[in-house]
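Dear colleague,

Please find below the structure that I am handing over to you. My notes on it follow directly after.

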Amino acid sequence: MEQPAVDLELERYARQLRLLGESGQRALKEATVMVAGIGGLGGTAALYLAAAGIGKLILAHEGVIMKPDLNRQILMDTGHLGMERMSTAIAQLKRLNPQVVIEGHNARIEYDAAKPWVESADLVIDARYDFPERYALNRICVDTGTPMVEAAMYGFEISLTTIVPGQTPCLECLYPDVRPQWEPFGFPVLGATSGIAGCLAALEAVKWITRVGTTYAGVMHRFNSLDFSTYSVNITRNPNCACCGEGGTP
Ligand SMILES: [Zn+2]
């Protein structure tokens with residue numbers, strides 16, 4: 001006899017229902033998360049959100065799969081080298097959990113194009129390495145009041161905070177004026193480190209959506225994956241921030 005869909009879902013998520021409760025699981029099912037960037041960090045976050053039963057994922061990342069991607073981008077595989085990254089990722093996520101609705105954009109984050117994607121999401125995960133895209137995403141989140149999990153890494157170091165527009169510092173409060181040095185191509189990264197960062201981002205999203213635990217809103221968390229040391233510091237808004245401050249817009 002065929003099981004009703006609801007029973008199948010209870011069975012599928014049985015092991016986490018004991019942690020999140022049925023109300024938490026329902027909140028996940030009703031939530032839409034935009035993951036900007038599906039590389040080593042964002043791809044891992046998307047994978048665990050799909051596994052957890054998120055209702056809808058909106059993904060954005062431009063380009064094709066290249067060999068140097070494969071040390072960390074676990075949604076991609078050798079058989080798809082040279083093919084579009086986004087369609088490969090969607091197929092992989094659908095294999096993991098066919099119940100998740102996925103909207104994918106083979107595109108960079110640019111303000112006008114990406115604003116409707118952010119507007120239809122309850123939460124954004126910023127998993128881009130490219131600072132122009134990260135600033136554009138931050139600006140959209142500030143303008144639309146959308147919370148954003150800001151996850152980043154450099155070398156073995158991971159940082160994570162959750163930006164709540166109007167309440168916590170935004171990306172430009174943290175990195176004003178001086179655009180941090182970044183290497184668009186060939187930045188050093190180990191897959192296990194980006195995977196931890198992606199898991200932290202997925203966990204933060206689950207906590208925000210289910211209201212289980214405490215988020216890192218207003219707190220910067222740093223994790224060194226070489227010696228496993230961690231520390232957290234409270235961070236404050238910059239009243240003169242060009243993006244969210246009184247001199248900025250809005
Ligand atoms: Zn700001």
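By class, how many residues in the lining of the second largest pocket are nonpolar, how many polar and how many charged? The model is a predicted one, and in it this lining has 10 nonpolar residues, 1 polar residue and 1 charged residue.

The pocket itself has a volume of about 280 Å³. Its lining consists of Gln16, Leu19, Leu20, Tyr48, Ala51, Ala52, Cys199, Ala202, Leu203, Val206, Lys207 and Val212. Two or more of these residues come from each of helix 2 (14–29), helix 3 (40–52) and helix 8 (191–210). Helix 8 provides the largest share of the lining, 5 residues.

As background, nonpolar side chains tend to be buried together in soluble globular proteins. The largest core here has 38 residues, of which Val33, Leu49, Ile54, Leu57, Leu59, Leu93 and Ile125 touch the most other members. Helix 3 makes the greatest contribution to this core, with 7 residues. A second, separate core has 25 residues, including Met34, Ala114, Val124 and Cys241.

Which residues does isoleucine 125 touch, when those up to four places away in sequence are not counted? They are Val33, Met34, Val35, Ala36, Ala45, Leu49, Val149, Ala201 and Ala205.

Two backbone positions also deserve a note. Most residues other than glycine have a negative phi. Arginine 211 is found in the loop between helix 8 and strand 7 (219–224). Its relative accessible area is 70%, so arginine 211 counts as exposed, the cut-off being over 50%.

The other position is phenylalanine 228, whose phi is likewise positive, near 65 degrees. Where does phenylalanine 228 lie? Its place is in the loop between strand 7 and strand 8 (230–234). With a relative accessible area of 61%, phenylalanine 228 is therefore classed as exposed.

That loop belongs to a hairpin: strand 7 and strand 8 have 5 residues between them, and phenylalanine 228 is in the turn. The two strands pair in the antiparallel sense over 5 bridges. Within this pairing, phenylalanine 223 has threonine 230 in strand 8 as its bridge partner.

With kind regards

How values were computed: Residues are numbered from 1 along each chain as its sequence is written. This is a predicted model: local features need pLDDT of at least 70, side-chain atom pairs count only at pLDDT 80 or more; totals for chains, interfaces and linings use all residues. Side-chain values use heavy atoms; hydrogens and water are left out. On a 1 Å grid over the protein atoms alone, a cavity is a set of points where a 1.4 Å probe fits but cannot get out, and a pocket is an open set with protein on both sides within 12 Å along at least five of seven lines; lining residues have an atom within 4 Å of a point. Grid points are joined across faces, edges and corners, and a volume is the space filled by probe spheres set on the points. Helices (H or I, at least four residues) and strands (E, at least two) are DSSP runs, numbered from the N terminus. Ala, Val, Leu, Ile, Met, Phe, Trp, Tyr, Cys and Pro count as nonpolar, Asp, Glu, Lys and Arg as charged, and the others, Gly among them, as polar. A nonpolar core is a set of buried Ala, Val, Leu, Ile, Met, Phe, Trp, Tyr and Cys residues joined through side-chain atoms within 4.5 Å. Buried means under 20% relative accessible area, exposed over 50%, partly exposed in between (1.4 Å probe, protein chains only). Contact means heavy atoms within 4.5 Å. Two strands pair if DSSP finds at least two bridges between them.
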